[in-house]
Amino acid sequence: MDVVVVDPNKSDLKQLVAALKKHYPGSRVVMFTEPLPAMEYLENNPIDVLFTEIPMLPRDGFALQKTAEAVQPAILTVFVTDTEVYAAQAMKTHAAGYIVKPVTKAALYEALADTKFKYQ
């Protein structure tokens, strides 16, 4: 599984990356603290799953998802954020999942449960 993780909070970013590497061994994980470099990367590299925080500047996670899907229609997006405030909006975007921090093994498995990356 090729993954991009975007979160301006470096501590949260490292925790999510560590969880992905532990629970999905063999995955290639690329991380970013800012959305614009992530957008550029997504435009030039095939990715299976995008894990992104929602509130970010200058572009939020929803804008990042839209850009990713425009260049890679099969990409899955999982929003990872501190609050449930954005959950309804996230579901309208047909996101694969929505995780409220802190990230747990169960939350990762649930977010990808209905995808080809579900835990076996």
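Strand S3 is covered on both faces: Val49 and Phe51 on one side, and Leu50 and Thr52 on the other, are all buried. Here buried means under 20% relative accessible area, exposed over 50%, and partly exposed in between, with a 1.4 Å probe and protein chains only. In a regular strand, side chains alternate between the two faces of the sheet.

The model is predicted, so local features need pLDDT of at least 70 and side-chain atom pairs count only at pLDDT 80 or more, while totals for chains, interfaces and linings use all residues. Residues are numbered from 1 along each chain as its sequence is written, and side-chain values use heavy atoms, with hydrogens and water left out.

**The sheet**

Five strands form an open, parallel sheet in the order S2-S1-S3-S4-S5. Strands (E, at least two residues) and helices (H or I, at least four) are DSSP runs numbered from the N terminus, and two strands pair if DSSP finds at least two bridges between them. Strand S2 (28-32) and strand S5 (97-100) stand at the edges with a single partner strand each, so one side of each has no neighbour in the sheet. From one strand to the next, the twist averages 15°.

Strand S3 (residues 49-52) runs parallel to S4 and is joined to it by four bridges; Phe51 stands opposite Val78 in S4. S1 and S3 also pair in the parallel sense over four bridges, and Thr52 in S3 is the bridge partner of Val6.

**Helix H2 on the sheet**

Helix H2 (residues 35-44) packs on the sheet, touching strand S1 (2-6), S2 and S3, and its direction makes about 145° with that of S2. Contact means heavy atoms within 4.5 Å; axes are lines fitted to C-alpha atoms, for helices over the stretch in contact, and angles run from 0 to 180 degrees between N-to-C directions. The buried residues of H2 are Pro35, Ala38, Met39, Tyr41 and Leu42. Seen down the axis of H2, these residues fall within an arc of 165°, so they line one face of the helix; the arc is that of the directions from the helix axis to the C-beta atoms. Their cover includes S1, S2, S3 and H3. On the other side of H2, Glu40 and Asn44 are exposed.

**Nonpolar cores**

A nonpolar core is a set of buried Ala, Val, Leu, Ile, Met, Phe, Trp, Tyr and Cys residues joined through side-chain atoms within 4.5 Å. The largest has 22 residues, of which Val5, Leu20, Phe51, Ile99 and Leu108 touch the most other members. S1, helix H1 (10-23), S3, S4 and helix H5 (105-111) each supply at least two residues of this core, and H1 gives the most, with five. Beyond its neighbours within four places in sequence, Val5 is in contact with residues including Leu13, Leu20, Val30 and Phe51. A second, separate core of 14 residues includes Phe32, Leu42, Leu64 and Ile75.

**Aromatic pairs**

Rings of Phe, Tyr and Trp (its six-membered ring) pair if their centres lie within 6.5 Å; planes under 30 degrees apart count as stacked, over 60 as edge-to-face and the rest as tilted.

| Pair | Centre distance | Plane angle | Class |
|---|---|---|---|
| Phe32 and Tyr41 | 5.6 Å | 55° | tilted |
| Phe62 and Phe79 | 4.9 Å | 55° | tilted |

Both Phe32 and Tyr41 are buried. Phe62 in helix H3 (residues 61-71) and Phe79 in strand S4 (residues 76-81) are 17 residues apart, and their pair links distant parts of the chain. Phe62 is buried, with a relative accessible area of 12%, and Phe79 is buried, with a value of 0%. Ring pairs link Phe62, Phe79 and Tyr86 into a cluster.
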